[in-house]
Structure formats: structure tokens, C-alpha cells
Amino acid sequence: MTKTSALNVEQKPVQIPSGRVNLEGNLNMPETTQGVVIFAHGSGSSRHSPRNRYVAEVLNQAGLATLLFDLLTLDEEQEDRLTGHLRFNIDFLADRLVTATEWLAQNLDVPKMPVGYFGASTGAGAALVAAARRPQAVDAIVSRGGRPDMAGAVLPQVQAPTLLIVGGNDAPVIEMNKEALAQLEVEKKLEIVPGATHLFEEPGALENVAQLACDWFERCLAGK
């Protein structure tokens, strides 16, 4: 366990039991926090994703705890590189996210607080499905370059306020997000970052994403 004095954030590696396997994760806890955001990464990514880690750092600076964890084990990742059968299995990924959410709620070392989901790419689809399955456990959702369309028929069942963030030059994903937005029946918003592509690699694009996410979570989780 370590602490970064500049941010005053406790960093703790964790293992989340899921059936016969353990999922590796990193739990970052500011001294004073108003909520925790669980990250669901996209296909081919992990808790080490530099983009998600950057967003998590911005959330930590704003006083939000974060949990970044691997939806797949190392063995599953290696198998998936060959077959690709898990990265698009939204129900399977949503199960893992629900497991992590329940683990967090039962962890005596973590204070009870509101929960948000931050999903990227296919992870956004998994986040929406998980939120629909556990509506009382999730208080806000943010999708970055996500595939909310992969949540399919459960979109109207989502009860958490949902922010969809898409790059302005990511035309196919913009259309997918517009269609998903129409199916959501909660507080919802679509933010298009001008000039950004799918991975938000352009100067200032990821910073824009992080600030939008931070504002959404701060507003939706505060006072819960």
C-alpha cells in the first residue's frame, strides 16, 4: 500500500474473487471522498490503460475514489487474443462488473458511498447492463467512446443518470450513441468532443473527457 503525497491518495492493490478466479485491481482512495467510480475497460485493454488511469487521476484529485480492475484474468486475456470470444461477451463482462460492485459494497475497509461506472468502448455496454441488473447499486454512468448499443434491450431499464462522450470525428460511434441515447429513459446527455477520434489522442481531447466525467460524477454522486 502506498500514498502519493501530492494528491494525498492511498493506493491499494486488491484481488476481487469471481468464481474460481481472482481479478486484479487497483483501489485509490483520497482521504476525503464523496463517491467511488468503478472502471470497465474496453476490449483488449486492462487496468493499466493509460487513458483510464489518467481519467482516474483527475477523479482522485476531485475527491473521488476509483477502482480499476481487470475484467479478464491473464489466462483469459491470452485465450481471448486468439479467439476474441470474451471481449464482446457483454453479459460475461457485466457479470464481472457486478461482482466487483458487490465486493466493494461488502469490503469493510471501504466506507459505504455512492457508486459510479466509467465504461470505455465495449466496457460501456457492460456498465449499462450491470447497472440495469443492480439499479439500486449504481448512481451514475459515464461512457467514453463507448458502445452503449451493445447493451441492447436493457437500455430502458437503466436508472442511473448517464453521460455519453464521443469524439467528433468518430462518426459511426456517434450514430450508435445517438440511437442508444434515444432508448435511455433516465437523465441523459450526449457530449461530442470536437476534433477527437475514437481514442481521444488529440491534444486536449482526453483532458476534456476527464473534466466532463468529473463534473458528471461530482454532481450525481454528491449527497447520495
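Take Arg-219 as a way in: in this predicted model, Arg-219 lies over the face of Trp-216, at 4.9 Å from the ring centre.

Which strands does strand 6 pair with? One partner is strand 4 (residues 36-40), which pairs with strand 6 in the parallel sense over five bridges. Within that pairing, Ala-40 stands opposite Gly-119. The other partner to look at is strand 7 (residues 140-144), also parallel to strand 6 and joined to it by five bridges. There, Tyr-117 stands opposite Ile-141.

Now follow the chain out of strand 6. Together with helix 4 (residues 122-133) and strand 7, strand 6 makes a right-handed β-α-β unit. The loop between strand 6 and helix 4 holds Ser-121. If you're checking backbone torsions, Ser-121 has a positive phi of about 55°, although it is not a glycine. Phe-200 is another non-glycine residue with a positive phi of about 55°. Phe-200 belongs to the loop between strand 9 (188-193) and helix 6 (205-221). With 3% relative accessibility, this residue counts as buried because the cut-off is 20%. A positive phi also turns up after helix 1, where Gly-63 has a value near 90°.

On to the packing. In soluble globular proteins, nonpolar side chains tend to be buried together. In this model, the largest nonpolar core has 41 residues, and those touching the most other members are Ile-16, Ile-38, Leu-67, Phe-69, Leu-97, Tyr-117 and Ile-141. Strand 2 (9-18), strand 3 (21-30), strand 4, strand 5 (65-69), helix 3, strand 6 and helix 4 each give two or more residues to this core. Which element supplies the largest share? It is helix 3, with eight residues.

So helix 3 deserves a look of its own. Its 17 residues reach 24 Å from the first C-alpha to the last, close to the 24 Å expected at 1.5 Å a residue. An α-helix has 3.6 residues a turn, so residues three or four places apart point the same way. The buried residues of helix 3 include Ile-90, Leu-93, Ala-94, Leu-97, Ala-100, Thr-101 and Leu-104. Arg-96 and Trp-103 are also among the buried ones. Gln-106 is in helix 3 as well, which spans residues 90-106. Gln-106 counts as exposed because its relative accessibility is 62%, and the cut-off for exposed is over 50%.

Helix 1 (residues 50-61) passes a similar length check: its 12 residues should span 16 Å at 1.5 Å a residue, and the end C-alpha atoms are 17 Å apart, which agrees. Buried in helix 1 are Asn-52, Val-55, Ala-56, Val-58, Leu-59 and Asn-60.

One last stop is Lys-178, in helix 5 (residues 171-183). Its relative accessibility is 41%, so Lys-178 counts as partly exposed. The C-alpha atoms of Lys-178 and Leu-190 are separated by 7.6 Å, although these residues are 12 apart along the chain.

Notes
Residues numbered from 1 in each chain as written. Predicted model: local features only at pLDDT ≥ 70, side-chain atom pairs only at ≥ 80, totals over all residues. Heavy atoms only, no water. Helix = DSSP H or I, 4+ residues; strand = E, 2+ residues; numbered from the N terminus. Expected span 1.5 Å × (residues − 1). Buried < 20%, exposed > 50% of the residue type's maximum accessible area, 1.4 Å probe, protein only. Pairing = 2+ DSSP bridges. Right-handed = clockwise from strand over helix to strand, strands pointing away. Lys NZ or Arg CZ within 6 Å of the ring centre and 35° of its normal. Core = buried A, V, L, I, M, F, W, Y, C linked by side-chain atoms within 4.5 Å.
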